Amino acid sequence: MNGILISLAFGQFCVMPLLLRMNNFTLMHYLDIHEDPTFIPEVAAEGRKEKPESKNTSEILKQLIETRSHPDNTGFSFKGIQDYLNCYRTGELTPVQVAKNIISSLEDCEKSSPPLRAIVQWDRAQIQRMAEASTTRYRNKCPLSLLDGIPVCLKEEIKVVPYHFRVGTAYLGTEPETEDATVTRKLREAGAIIIGVSNMHELGTGTTGCNPNRFHGTARNPYNPQHFTGGSSSGSAAAVAAGLCPLAFGSDGSGSVRIPASFCGVVGLKGTFGLISCHGCLPLSYSTVSLGPICTSVTDAAIAYSILAEPDPLYPYGLKQPKPSLSEVLTPDLKGLKLGVNWTFFKACDAEILAVCQKAVEHLQALGASVVDVPLPEMEEVRVAHLICILSEMRDFLQPDFNTHFQQMNLETRLILALASQFTVLDYIKANRQRTRSMSFLREIFANVNCILTPATACTAPRINDSDLLMGNSDLLTTIRAIRYMQLGNFTGIPGLVVPVGYTATGLPISFQVMAKWWDEAVLFRVGLKLEQFRDMTRKPAIYYDVLA
């Protein structure tokens, strides 16, 4: 129905303007903003004020890994990077043996009912070749990095040789890719085993992960296959939660790393804008998108950050970023930290989520942190301005596709792009004026607190309807609830980390978000490590493969 409406003059001139008004997308028309626009939320790194680190990053990572390898609980726990390293270093398993188990699991995923659809392209020979090279390095006691032999997957929006660069569509990537993205190249150089490319929402236009395209299908949530994974990095989160790999990568323009990580009960990091190079990814939205890891633990996120955060001459943003720092991550408590909460904003979520997340705040207080009420001005303006920016930039980049491949797109994608066509140049400029204001507000806030705390999402993973699998899913209200706590980070470029903290009565994951000032990922890891201690147990997903068994 949506596809018919937006193809008709009635849809363009009546339905689309109505949708704009119903969702308050005309808000910018009524605002008088005098600040100059900020089109790219790139922020220069401040000089390090803290004392020189007594330990370098590699020493801190080693200590983090050792702490991770001795968990307090004795129940289920996800197999993380340290578990793989222990097997390789002791000789209990080799990367070749692990690769064999992964291939068997990937085959099983495709046969299961319903199919998991986490990894949509993989190649047995490619996996075996990388595993054999890693096994040789461990035999010779010369692994390349902490990621040597670690299985990883990358969202289909990221170029990976020799797979098709389809970006969730049925029409892109007609030939195998011949050049890796920067992040792919760095993972290869680190010795990682790339097990394939992961599923995604078509062109990153949605937050459920629903994709009825013939090459993809909809990824299933390992905690409940009748629920969505979240998107748009749907397959990456599903792969990690299902045990296929401990580390995956996605892109995040409206929470597309953090939402699926939250819905699937794993950790997700959106770093400061420009932290990880986006060269070799489809540039759908140049001002809001960051690449980030989805992984089993905060420690694994810190490992990925330490290896991949680096200026890239092929990527124009983040060229003056500071060196990765894990300063003060390993502290016994949170004394001295001020954590900001805007309770009105914080409470705008489902009751079950609120109850768990309020207790998580109390947990952080008990560890010595001060919780401070902070203003978060003009959040409705942020919501609208962010959507104007990301959708306008996507609509601009996809203009050729919109003209030539419109009928091959999912109905939801057509609706989103048609809606984006309604925004004007004046809307876009005023939205970027709002970005200047919002970044200024954040500078004032972070002068008084170290972090801002929120729930990760306002809802848990939505249920999949049979019609979604055929026609796609278009539910603006659910989308708005999923991205509510995500947009501020994408709009202003500040980093955010989501950590699972509990479950609903029906067993769906609940997650918590910590945001910090630009380039202060270290404080996210410090708080995130303590949040991991809050949840007394980790529930085993309904779909889980133990590839180290």
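User: At what angle do helix α3 (residues 57-68) and helix α10 (residues 298-308) pack?
Analyst: This is a predicted model, where local features need pLDDT of at least 70, side-chain atom pairs count only at pLDDT 80 or more, and totals for chains, interfaces and linings use all residues. Residues are numbered from 1 along each chain as its sequence is written, and side-chain values use heavy atoms, with hydrogens and water left out. The axes of α3 and α10 lie 10 Å apart, and the angle between them is about 160 degrees.

User: How is α3 oriented relative to α10?
Analyst: Angles run from 0 to 180 degrees between N-to-C directions, with axes fitted to C-alpha atoms over the stretch in contact. Under 35 degrees counts as roughly parallel, over 145 as roughly antiparallel, 65 to 115 as roughly perpendicular and the rest as oblique. The α3 and α10 angle is about 160 degrees. Therefore α3 is roughly antiparallel to α10.

User: Which residues of α10 meet α3?
Analyst: Contact means heavy atoms within 4.5 Å. From α3 come Thr57, Leu61, Leu64, Ile65 and Arg68. Their partners in α10 are Thr299, Ala302, Ile303 and Ser306.

User: Are α13 and α16 oblique or roughly parallel to each other?
Analyst: Helix α13 (residues 379-397) and helix α16 (residues 425-446) have axes that come within 9 Å. Those axes cross at roughly 130 degrees. So α13 and α16 are oblique.

User: Which residues of α16 make the contact with α13?
Analyst: On the α13 side are Glu381, Val382, Ala385, Ile388, Cys389, Ser392 and Glu393. On the α16 side are Asp427, Tyr428, Ala431, Asn432, Gln434, Arg435 and Ser438.

User: How many Å does helix α12 (residues 351-366) reach from its first C-alpha to its last?
Analyst: Helix α12 has 16 residues.

User: Which residue just after α12 takes a positive phi?
Analyst: α12 has buried residues, including Ile353, Leu354 and Val356. Just after α12, a phi of about 105 degrees occurs. The residue is Gly368.

User: Is Thr454 buried or exposed?
Analyst: Thr454 sits in strand β9 (residues 451-455). Leaving aside residues up to four places away in sequence, Thr454 touches Phe345, Phe346, Tyr485, Phe512, Gln513 and Met515. Buried means under 20% relative accessible area, exposed over 50%, partly exposed in between (1.4 Å probe, protein chains only). At 1%, Thr454 is buried.

How values were computed: Helices (H or I, at least four residues) and strands (E, at least two) are DSSP runs, numbered from the N terminus. The expected span of a helix is 1.5 Å times one less than its number of residues.
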